[in-house]
Amino acid sequence: MNVAFISLGCSKNQTDLEYLIGDMVVEGFNIVTEVEKADAIIVNTCGFLQSAVSEAIENILDVAKRKKKRAKLIVSGCMVERYMSEIAKELPEIDFYTGVGKLSDIISFLKRGVKGSKGERRFYGEHRVLINPNYYAYVKISEGCNNRCSYCTIPSIRGNLVSRSMEDILKETGQLISKGVKEIILISQDTTKYGMDGKGYGILDLLENLVKIEGDFKIRLLYMNPDGVNEALIDFVANHEKMIKYFEIPVQHIDDDILKKMNRRSDSSKIKSVFKYIRDKVPKAFIRTTFIVGFPGEDERAFDKLRNFILEYKPDYAGFFPYSREEGTVAYTFGDIPAKSVVKRRITELQKIQKRITSERLKKMKKDIITIFIEGISEENPFLYDARAEFQAPEIDGKTFVLGGEVNKGYGPYKAKIRRVIYPDIYCELI
């Protein structure tokens, strides 16, 4: 049976799908890339925001039109988990659906026609197949979240924090490195909370064991809520050669009143102290963050604080997202939501500031030798190679293009120098 996949949403969703693909290959399914040639198509959805739900529905309806007449349409993931009771009624095009952590039920359906979700929740599979360039891999270290931010749907979709056993993580990481993976990217809803569900160990314990694994690889740590970032964690990243000097710290806002309404666990003082310590301890580190603009109660005074924070603390990369009012969250009942036109204006202003900050940082690096990985001939220009620099996380920090030099060792790593910056991308020459 030919099976095609469509992966939507975050890297955590992607890893779920990679475990399923691996299991399906072992079970004898043939993986294809074209919907029209598939006997079954799996759409793995995101359901975090209404915009993601809309994207998922658009993809489902598109597949329903394009697929072969008797091909099965299967939908899985967060949107299903969030709207389980409505799926069958609203989307009769779907032949089978299952929520998060139970994707293995799809195999039972396709092989034996078994419907209903009876499988056990899991986030590890022995036969994983990477769907991104295979020099890097995401490793999920926990599922769910206990933070309870007032705007967030994740706990209702993926449940409370459940940390994966350290033994499992070390085992999978070792397997990936033995297959040639050069970059291990640790992910969860909040990586700083790893082990805080009574495991008796934490993120530092995990990192200390991961860096002991033999091999030529590095570790990137994503999704670090600022309340869980302390000096010991920053020092470890700074001092260990296997740790990429990159801090992804979503702060969401800087005004204390807004942070309190968001039910964030860190106030402005904590956030500023984290940024300052990183800059003092690891001057060459890259900091990425995200902000929610237009949260209920965000007046011009609160926005001014946000803008001034960016100007003063200069994150190297930042994403700005309009507040999305999500049913089922505490913030859904909040009033005093800024007008869409106001939010758009504010985001545009912040994006211009951030563009200047990021461009200046990248231009200063023209004198440095950087590490990059080659991903293949560029789809945009056949005379260039697509690549990614070590200070760029996959998919979110712009792209690297290689202008010249000898590509002779696969993905790499290669040493290069930046020759040109066209925000958010860089153009390099191998040396």
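Buried here means under 20% relative accessible area.

**Figure 1. Overall fold of the predicted model.** The chain holds 13 helices and 18 strands. Buried residues account for 54% of its 431 residues. The C-alpha atoms occupy a box of roughly 60 × 60 × 45 Å along the principal axes. A compact globule with 431 residues would have a radius of gyration near 22 Å, and the chain agrees, because its value is 22 Å.

**Figure 2. Salt-bridge network around Lys140 and Glu143.** Asp16, Lys140, Glu143 and Arg158 are linked by salt bridges into a network. Within it, Lys140 pairs with Glu143, and their closest N and O atoms are 3.2 Å apart. Lys140 has a relative accessible area of 0%, so Lys140 is buried. Glu143 stands at 12% and therefore also counts as buried. The model contains 36 salt bridges in total.

**Figure 3. A salt bridge between Arg388 and Glu183.** The two side chains meet at 3.0 Å, N to O. Arg388 belongs to strand 15 (residues 385-389) and Glu183 to strand 9 (residues 183-187), so the pair ties together parts 205 residues apart in sequence. Both Arg388 and Glu183 are buried.

**Figure 4. A salt bridge between Asp235 and Lys281.** The closest N and O atoms of this pair are 3.8 Å apart. Asp235 sits in helix 9 (residues 231-239) and Lys281 in helix 11 (residues 268-281); the pair links distant parts of the chain, 46 residues apart. Asp235 is partly exposed, at 22% relative accessibility. Lys281 is partly exposed as well, at 38%.

**Figure 5. A patch of positive charge on the surface.** Lys284, Lys314, Arg356, Lys364 and Lys367 gather here. One of them, Lys314, lies in the loop between helix 12 (300-313) and strand 13 (317-322). Its relative accessibility is 41%, so Lys314 counts as partly exposed.

**Figure 6. A nonpolar surface patch formed by Val25, Ile31 and Val129.** Together the three residues have about 190 Å² of accessible area. Ile31 is part of strand 2 (residues 30-31). At 33% relative accessibility, Ile31 counts as partly exposed.

**Figure 7. The loop that holds Pro413.** Pro413 is placed between strand 16 (400-404) and strand 17 (414-422). The relative accessible area of Pro413 is 30%, so this residue is partly exposed. Pro413 and Glu27 are 386 residues apart in sequence. In space, their C-alpha atoms are 34 Å apart.

Key: Residues are numbered from 1 along each chain as its sequence is written. This is a predicted model: local features need pLDDT of at least 70, side-chain atom pairs count only at pLDDT 80 or more; totals for chains, interfaces and linings use all residues. Side-chain values use heavy atoms; hydrogens and water are left out. Patches are made of residues with over 30% relative accessible area and no salt bridge: like charges are joined within 9 Å, nonpolar side chains (Val, Leu, Ile, Met, Phe, Trp, Tyr) within 5 Å. Accessible areas come from the Shrake-Rupley method with a 1.4 Å probe; for residues, only the protein chains shown count as cover. A salt bridge is a side-chain nitrogen of Lys or Arg within 4 Å of a carboxyl oxygen of Asp or Glu. Lys and Arg count as positive and Asp and Glu as negative; His and the chain ends are not counted. The place of a charge is taken as NZ of Lys, CZ of Arg, CG of Asp or CD of Glu. Helices (H or I, at least four residues) and strands (E, at least two) are DSSP runs, numbered from the N terminus. Buried means under 20% relative accessible area, exposed over 50%, partly exposed in between (1.4 Å probe, protein chains only). The radius of gyration is taken over C-alpha atoms; the globule rule is 2.2 Å times the number of residues to the power 0.38.
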